[in-house]
Amino acid sequence: MLKKIVSNADEAIKDIQDGAVIMLGGFGLCGIPENSITALVKKGVKSLTCISNNAGVDDFGIGLMLKTRQVKKMISSYVGENAEFERQLLSGELEVELIPQGTLATRCMATGYGMPAIYTPAGVGTEVAIGKETREFDGKMYLLEHAFKSDFAIVKAWKGDAHGNLIFRATSRNFNPLMAMAGKITIAEVEELYEAGELNPDEIHTPGIYVNRIFKGSDYEKRIEQVTTRLKA
Amino acid sequence: MLDKFGIAKRIAKELQDGYYVNLGIGIPTLVANYVPEGIEVILQSENGLLGIGPFPYADEVDADLINAGKQTVTTTNGSSFFDSAMSFGMIRSGRVDLTVLGAMEVAENGDIANWKIPGKMVKGMGGAMDLVASAKNIIVAMQHVNKAGESKLLKRCSLPITGLGCVKKVVTELGVFDIIPEGFKLIERAPGVSVEYIKEKTEGNLIVVGEIPEMILD
C-alpha cells in the first residue's frame, strides 16, 4: 500500500534539516509551492541552498525565506524582482550562482533522466563558462553542465492523486515537473487531491514514481507580479 | 528620431508569415502590437507557452497564465503549454526563427552584453544566454546611447558578455544596423536623423555605403 499522502506542509517538510539543498518549482511567483515555503519559514531551518529560477519578491515566495536569513545560497537564473536579495548579494551576506534558465531546466532534467551531465551552448565565452569543460561538436562550442544533486525537491501542481501522479495547469507548469524528477525526496503540494484512478493516465505530466510525498495545499494566494489587462472595446 | 514604439514598429517589419518568435522584456514585447496585416506569427514565451494571446480583460486574469515578463496574458487558437526544459529545447534546437531582445551593449563583432553591471546590478541572465547561443536570427532593440550619453554600439563590449558574435541586426531610435564582418552597416536612418549624427553617436565601426534611406514606418 502506497503511503504518499501526508496531512499538510508541516508534516511534508518535517525532516528538512539545516544546510539542506532544496529545489523549489515556479517561475516568478507562478506555480510556487506556497504552503511549503510558509512551513519552512515556520520551522526556521537555516543555511539552505535553494535551487529555483527566481527568488520571489520581498514579501512573497522565497523572498520570505530571505527575509528571515534562512538561505545561504541561491542558484537561480533571474533575481531582478527582489530588492532584499540584491542587497544581501551585493553586501556578501548571500551566496549566489546565476546560471542560464535553459541550463537550470536541463540540469534538473538530466538528474531525473539519470544522466550525469549535458552539453549546452548557453554561456560559452561568458563568465558562466569559467572553470567548465568545453567541447566542440560540428564546429560549435558547448559547455559541460552537471546534473543537480539535491536533498529535496518541492513542487506545486494543480491536481495530484494518492500515487503521486501530477497534472500542472497552464504556465504554472514551468520548472515543476523537472524538479519533481530531480529530488532525492520529492514533495508535491496540490490544489486538488484525488484517489488513485480518478485522474486520466493520458493526462498525467509527472508519473507518481518521482513523487514521495503529496498533500492538498490550502489558502493559495497565487499572487501576480504584473497584472496586465486590456480594456473592453 | 524614433520613440520606443517606433523601434518596435520597425522591428515588426522584419516578421515573416509563419515565424516562431521570442520577444524579450521591454521594447521587444511591444513588437507584438505591430505585426503587419496578413502575417501570422506565433510568439514563444520561454516560461512555457507557444501562442501568446493578447493581455486578458480584467475579468479573465489568470495567475497561472503569464509570459516571461511575468505579465498576465491569454492563449490564442493553437496555443500549447510545456515545461521549461522543452521550452529551451525548442530554442536550442533552432525551431525559433527570430529572437528580439534588449541590450546594454552590442559590439561590432556581434557580441552582446545585457545581464550584469559588476558591483551595481545583478539581475541575472534569465533565458538570454540560452537564446543568444542558439537563435538563428537575433535582433537587438535598444536605445543608441546610455543615460550618460555614451554609445551602446561599441568596438568591444565593456560589460560581462551574454553571448559571442550572435547579433545580426540592431534597431535603435537613430537607425537600423546590420552586423557584418567589418562592423555596423547602416541600413536605414530614423526620420529626421542625419548620417553625421549617427556617426557621432556610434563608437563601433560604422559602415556607410552610398545614400542611406530614411525608414518608412507606415
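**Strand pairing and the interface**

Mentor: Ile22(A) has Cys50(A), a residue of β2(A), as its bridge partner. The model is a predicted one, in which local features need pLDDT of at least 70, side-chain atom pairs count only at pLDDT 80 or more, and totals for chains, interfaces and linings use all residues. Residues are numbered from 1 along each chain as its sequence is written, chains are lettered from A and ligands numbered from 1 in the order in which they are written, and side-chain values use heavy atoms, with hydrogens and water left out.

Strand β1 (residues 21–24) of chain A and strand β2 (residues 48–51) of chain A run parallel and are joined by three bridges. Two strands pair if DSSP finds at least two bridges between them. Helices (H or I, at least four residues) and strands (E, at least two) are DSSP runs, numbered from the N terminus. Together with helix α2 (residues 34–43) of chain A, β1(A) and β2(A) make a right-handed β-α-β unit. Right-handed here means that, with the strands pointing away from the viewer, the path from the first strand over the helix to the second runs clockwise.

β1(A) also pairs with strand β8 (residues 152–161) of chain A, in the parallel sense and over three bridges. There, Met23(A) stands opposite Ala153(A) in β8(A).

In chain B, strand β1 (residues 20–23) and strand β2 (residues 42–45) run parallel, joined by three bridges. Asn22(B) stands opposite Gln44(B) in β2(B). These strands belong to an open sheet of ten strands in chain B, in the order β4-β3-β2-β1-β5-β10-β12-β13-β14-β15, with mixed pairing. Its edge strands, β4 (75–81) and β15 (206–207) of chain B, each pair on one side only.

Now the interface. Contact (heavy atoms within 4.5 Å) links 50 residues of chain B with 51 residues of chain A. The buried area (accessible area, 1.4 Å probe, that two parts lose on being put together, summed over both) is about 4,200 Å², of which carbon and sulfur atoms give 59%. Five salt bridges are counted between chain B and chain A, a salt bridge being a side-chain nitrogen of Lys or Arg within 4 Å of a carboxyl oxygen of Asp or Glu. One of them joins the side chains of Asp64(B) and Lys222(A), at 2.7 Å, N to O. On the side of chain B that touches chain A, the elements that give two or more residues are α3 (84–92), β9 (121–122) and α4 (128–134) of chain B.
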